[in-house]
Amino acid sequence: AAAHWSHGGGAQLRGNSEERRLGEVLGHEFEEEEGEEEGSVGAEPEESEEEEEEVGEEDIGDSDFDVDGGLQPHQDSIRRRPGETEEDVAQLMMLVEEIMARSTDTVRKRIALERLCLSLRPGMLNVEARRMFVRCAMARGVVRAVVHLIELGVTDLACAASNFLGDFAFNSDAGARAVLEVFDRIAACFRHIFSTLTLAHLPLLDSAILLCVNIAAICPSGHQQLVPLVRPVCLQILQHPKVTDKLRGNTILLLANLSTTVGAELRELRVADVLLDLVSTSGTSGAGKSVAESVIIFLHGGRQPCPEIDMLMSLNVVEEYCVPIVDRTLRCAEFRGMYPHLLYTARLFQVLAQCREYAEALAANPKAVLLLLRACCSHQRPCTVESDLEGRRLVLEAVRSLARFGLLRPTAPLSAGCSINAGHHAGEGDDDWKVPSPVSVAVDRAKEVFFSRSLPLLLQDEHPGIRTSAANLWATLNVQTVLRQLVVGMYLEADGRVPTGLFKTRVLAFLYPFLEACRPEY
């Protein structure tokens, strides 16, 4: 999870040629408007309750590293022939028209909403088609029309409408913001089901929680609107024995999203205690646990060890949770019934790496190190949401923490299929030279590629936060160079050539931004 964002309003339809042709198919004309403004953050759920696969060495080999030191771009698994995207969107817009029509009865509207939900599931549309549909549907005013259906108070219709809005907001900055704009109306309809957990309300509660998850994932600026609604029922859902794994998992996912901005309130509710019981109980399914481990780490992680995270470490959280979730994130794959965003996965590593004890546990796992370095190189992958940029920055901060503790440093290129243990010299013992395992070979290659090729590219990245974190990482790896430059500044100040503190905080700070916060005196 993460913190730090605010968002603007919803998007307007772009008047490009593709959408004009689509408009001709539907009998509408679209005017040119300003382009959409993207927002950030999250991890969203899916209905699958499959257990996560084990990440093996064969899954994390070094084949994804290209000659430029990054990752090969993620290829959309859905192949489309020319014009097929427009055809897909046109078919979906026909369902939207049926929902918008006054002559359509509520049963047909519900069926149309359910068909839209099936079509918007991950893997059904390519990225271009999904974005085009969101723009076209927003231009027709579908969000407000669907909210009106919720306000009718018909349970089946409200479930279908809420599910559609949740799918509409999934992985869409513009869609999520559009739903957030009318969330006060939605909250007024759902307040009674959130006040007390009632089994009769579970289907509608399930839909409402899923909607809140997808809004919270994309729009942290709306968390304060969500918290008053969901606070009364969250712990009840986690502890109730008759609640489904899907509802419990989605509630945990909502808590993970909210923990980025309202962590203090969640700590007061002692959410981590309930989640620790859930995680440590044998037989709990992956979908039922959801991202409980992340919530605990987000709420209680810091520079010092804590009992809550110590408990997770005793359960082998790095191997059993951290490695699988970052692997699925980089592959844009499902994990415990949801699709994690890079921002939330990156924050997991960034928080753990702040504490030396937990950083050592991360560094001791070669799979975790390899995947973390790959996440740093994710600049060649397309950004699903704008928060992916902040996710890349947090990954760099995690790597910097490992480097600061001396746990991750550049290594010499491999030669003759052997590697020397760090800190030793040949001939000191039987373990000094060893034939590396496949995963250790991949880690050494990843280090070589990252520090020699990818880090220089990250220093020139277009995103200022990524450039800053990359520069701070470089400074951590080259402390002697930074100290020599500081000494130059001391001599210049001693000779009266520059004012005291200026060289460090106003000259070197352009190279190493962390120095700007330092005091003027050395």
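The legends below describe several close-up views of a predicted model.

Residues are numbered from 1 along each chain as its sequence is written, and side-chain values use heavy atoms, with hydrogens and water left out. Because the model is predicted, local features need pLDDT of at least 70 and side-chain atom pairs count only at pLDDT 80 or more, whereas totals for chains, interfaces and linings use all residues.

**View 1. The protein chain as a whole.** The chain has 25 helices and four strands, where helices (H or I, at least four residues) and strands (E, at least two) are DSSP runs numbered from the N terminus. Of its 522 residues, 53% count as buried, buried being under 20% relative accessible area, exposed over 50% and partly exposed in between, with a 1.4 Å probe and protein chains only. Among contacts (heavy atoms within 4.5 Å) with a separation of 6 or more, 74% join residues 24 or more positions apart.

**View 2. Helices H5 and H6.** The axes of H5 (residues 142-151) and H6 (residues 155-169) come within 8 Å and cross at roughly 150 degrees; axes are lines fitted to C-alpha atoms, for helices over the stretch in contact, and angles run from 0 to 180 degrees between N-to-C directions. H5 is therefore roughly antiparallel to H6, a term for angles over 145 degrees, with those under 35 roughly parallel, 65 to 115 roughly perpendicular and the rest oblique. The crossing of H5 past H6 is left-handed, which means that the near helix is turned anticlockwise from the far one by less than a right angle. Residues in H5 including Val-142, Val-146 and Ile-150 meet residues of H6, among them Leu-157, Ala-161 and Phe-168. By class, this contact of H5 with H6 has twelve nonpolar, one polar and no charged residues, where Ala, Val, Leu, Ile, Met, Phe, Trp, Tyr, Cys and Pro count as nonpolar, Asp, Glu, Lys and Arg as charged, and the others, Gly among them, as polar.

**View 3. The largest nonpolar core.** A nonpolar core is a set of buried Ala, Val, Leu, Ile, Met, Phe, Trp, Tyr and Cys residues joined through side-chain atoms within 4.5 Å. The largest has 146 residues, and those with the most contacts inside it include Phe-164, Leu-165 and Phe-168, as well as Phe-194. Helix H9 (residues 202-218) gives the most to this core, with eleven residues. Leaving aside residues up to four places away in sequence, Phe-194 touches Leu-205, Ala-208, Ile-209, Cys-212, Leu-229, Val-230, Pro-232 and Val-233. A second, separate core of eight residues includes Ala-475, Val-482, Leu-486 and Tyr-512.

**View 4. Helix H13 and its surroundings.** Seven of the ten residues of H13 (residues 271-280) are buried, so this helix is largely enclosed by the rest of the structure. The buried residues of H13 are Val-271, Ala-272, Val-274, Leu-275, Leu-276, Leu-278 and Val-279, and they pack against helices H10 (223-239), H11 (245-258), H12 (263-268), H14 (286-289), H15 (292-300) and H16 (307-314).

**View 5. Two loop residues with positive phi.** Asn-171, in the loop between H6 and helix H7 (173-181), has a positive phi of about 55 degrees although it is not a glycine, and it is partly exposed, with a relative accessible area of 23%. Ser-290, found in the loop between H14 and H15, has a phi near 50 degrees, likewise a positive value in a residue other than glycine; at 2% relative accessibility, Ser-290 counts as buried.
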